[in-house]
Amino acid sequence: MTRRAHRAGGEPPLHGAASDANALWARASELAHAGQSREAEKILTKLAKIAPDNADIFGFHGTLKVQAGKHAQAVPLLKRALRLDAKNPTTHGSLAVAYEGLSKLDKAKHHYLRALELDPSQAPTHVNLGALLWHEGKRGEAVAHYEQAVAVDANFAEAHSYLGQAMHFLGRIDEALRCGETAVRLDPTSATGHMNLGRTLQASGRIEDAVCHFRQAIDLNGNLAEAYENYAYARRVTEEDGFSDDLNAALARRDWSDGKRARLHYAAGKVASDGGGHKAAFSHWMKGARLRRKASKYSIAGSRKKFAAYRAVFDSPLLMRRLRQPVAGPIPIFIVGMPRSGTTLAEQILASHPEVAGLGELPYINEIAQGLGDWSAAAGTFPAALAGLDDGDWARAARLYMERLDQNNGATFISDKMPDNFQYLGFITLLFPNARIVHCRRGALDICVSCFTTDFTIGHEWSYDLGELGAYYGLYHELMAYWRRVLPLPIHEIQYESVVGDLAGEARRLLDFCGLDWHPDCLEFHRNKRPVFTASNAQIRQPIYASSVGRWRRYEDQLRPLIESLPAAARPGK
């Protein structure tokens, strides 16, 4: 959603000005409300010459610039308005939006806070500040502002929608559904409201309901590229579905940003694949990936350097310093591997056991690791900062992780299936002497093709170039081999293809490794109603199937750069 600059012009009279000036003000307000901003701006430029000391004129004009996305032009107008009236909260709010649009986040936060200090009842400003804080990872503070926006204006649909998004990503699915349903009830014309509710419905397994809301979002706003992508990936798209025509018409337009056009190409790839047009599908995915890679500053050399640092720091003497006694809390099961390697399937099997709370992809290990530089006596960031930690710090870090687990409902075990935690297995070993580590494996080419055809949008930037994707897989493969050699904790390897071929046997072996008694519900994982937030949330609602095994062969002719960059042992025929 876009940030709202909520000054609409209003009716403040131009004290001491001629009557024609007041008429011009009224006309500018009328034009702005009618969506004719450029004509309104022309009048405001005239008004500024008539009343150069009137703060409302400059504030109104600056806000129109913000609404048009012309943030650099808005700033001097809004700053002038504040020089004339420093205590106008809506001007501070609009200037904050402009600064945020220019990526000057500290200045944006300052003006959001100042606006709320002057007038705490500004619901849009609470939402805007909450969104900025969420982006910074300050989730608790963000939620507090969303909740305050709802308290201030219970009929503000956008506040409910933002709060619903936050609840969705925090895994509080029932609250997310309530907020999303309230948002679309209050504003049934909001395309983003329908799209966000659709995502939450999809995560909770209500796929058909989700698709209906994605369809409504597209009908309401044909410019919402994310809605096309969500619709395409929610279920199999058939020839009878009119969605394909809408998607092709959207792709034919030339006015998309690169990021939005990338979404459309990923959606078109999925639709073509559903219809068996594998060559066309891969062509679309390639175009989407190129647009994503164009916007990225990723370097495979950076990943190579980082992984080498892990091997250098996590040597045997350091690993023997781990905590001897576990901190209070449930026993953690860390499910790791490359994305799209079957981590969601493994967690769904475990989470169907009554003693396991499946918590999904938790960011906490990464967040704690990256924050260690603030505690450590050693210079640098993770992993160098580990050298400056004492035993108390290790226990503190483990407790911090446990304190963030607010959804385990007293379960004996929790599962954390953040795939990228494969990078942090040395750190995890130091914190949790009772942890279970489950490594999900799958054929290298199937993993890589699945990653390449998934629009991650955030992170996983190595997945948008076939050569870099293969090289990154090699780094992952090498690091996992190192962990198996040096970690004092055992690692259970679970092969996706083996699960497909022998679900009962692999499920039993997985439960035995974790120290869990057998439970038949683990074979009925697709009936589990727990929310699933990953790209696999539609597939995991189905019984086990084998159609994804060997999927890469559909695209073999286009995969040469990938195959050549993979480790020799992972190439076809090896």
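This is a predicted model: local features need pLDDT of at least 70, side-chain atom pairs count only at pLDDT 80 or more; totals for chains, interfaces and linings use all residues.
Trainee: Why are helix 11 and helix 12 called roughly antiparallel?

Mentor: Helix 11 covers residues 191–203, helix 12 covers residues 207–220, and the two pack at an angle of about 165°. Angles over 145 degrees count as roughly antiparallel. Helix 11 and helix 12 are therefore roughly antiparallel to each other. Their axes are 8 Å apart, and the crossing is left-handed.

Trainee: Which residues make the contact between helix 11 and helix 12?

Mentor: From helix 11 they include A191, H194, M195 and L197. From helix 12 they include I207, D209, A210 and H213. The residues of this contact divide into 9 nonpolar, 5 polar and 2 charged.

Trainee: What makes A411 buried or exposed?

Mentor: A411 has a relative accessible area of 16%. Buried means under 20%, so A411 is buried. This residue lies in the loop between helix 21 (391–403) and strand 3 (413–416).

Trainee: Which residues does A411 touch, leaving out those up to four places away in sequence?

Mentor: A411 touches P330, E355, V356 and A357. A357 is 54 residues apart from A411 along the chain, and the C-alpha atoms of the two are separated by 5.9 Å.

Trainee: How do you know whether R340 is buried or exposed?

Mentor: R340 has 18% relative accessibility. The cut-off for buried is under 20%, so R340 counts as buried. R340 is in the loop between strand 1 (331–336) and helix 19 (343–351).

Trainee: Where is T457 found, and what is its phi?

Mentor: T457 is in the loop between helix 23 (444–452) and helix 24 (466–486). Phi of T457 is near 65°, again a positive value in a residue other than glycine.

Trainee: Why is T457 called partly exposed?

Mentor: T457 has a relative accessible area of 35%. Buried means under 20% and exposed means over 50%, with partly exposed in between. T457 is therefore partly exposed.

Trainee: What is the peptide bond from F382 to P383, cis or trans?

Mentor: That bond from F382 to P383 is cis, with omega near 5°. Most peptide bonds are trans. P383 is found in the loop between helix 20 (364–370) and helix 21.

Conventions: Residues are numbered from 1 along each chain as its sequence is written. Side-chain values use heavy atoms; hydrogens and water are left out. Axes are lines fitted to C-alpha atoms, for helices over the stretch in contact, and angles run from 0 to 180 degrees between N-to-C directions. Helices (H or I, at least four residues) and strands (E, at least two) are DSSP runs, numbered from the N terminus. Angles under 35 degrees count as roughly parallel, over 145 as roughly antiparallel, 65 to 115 as roughly perpendicular and the rest as oblique. A crossing is left-handed if the near helix is turned anticlockwise from the far one by less than a right angle, and right-handed if clockwise. Contact means heavy atoms within 4.5 Å. Ala, Val, Leu, Ile, Met, Phe, Trp, Tyr, Cys and Pro count as nonpolar, Asp, Glu, Lys and Arg as charged, and the others, Gly among them, as polar. Buried means under 20% relative accessible area, exposed over 50%, partly exposed in between (1.4 Å probe, protein chains only).
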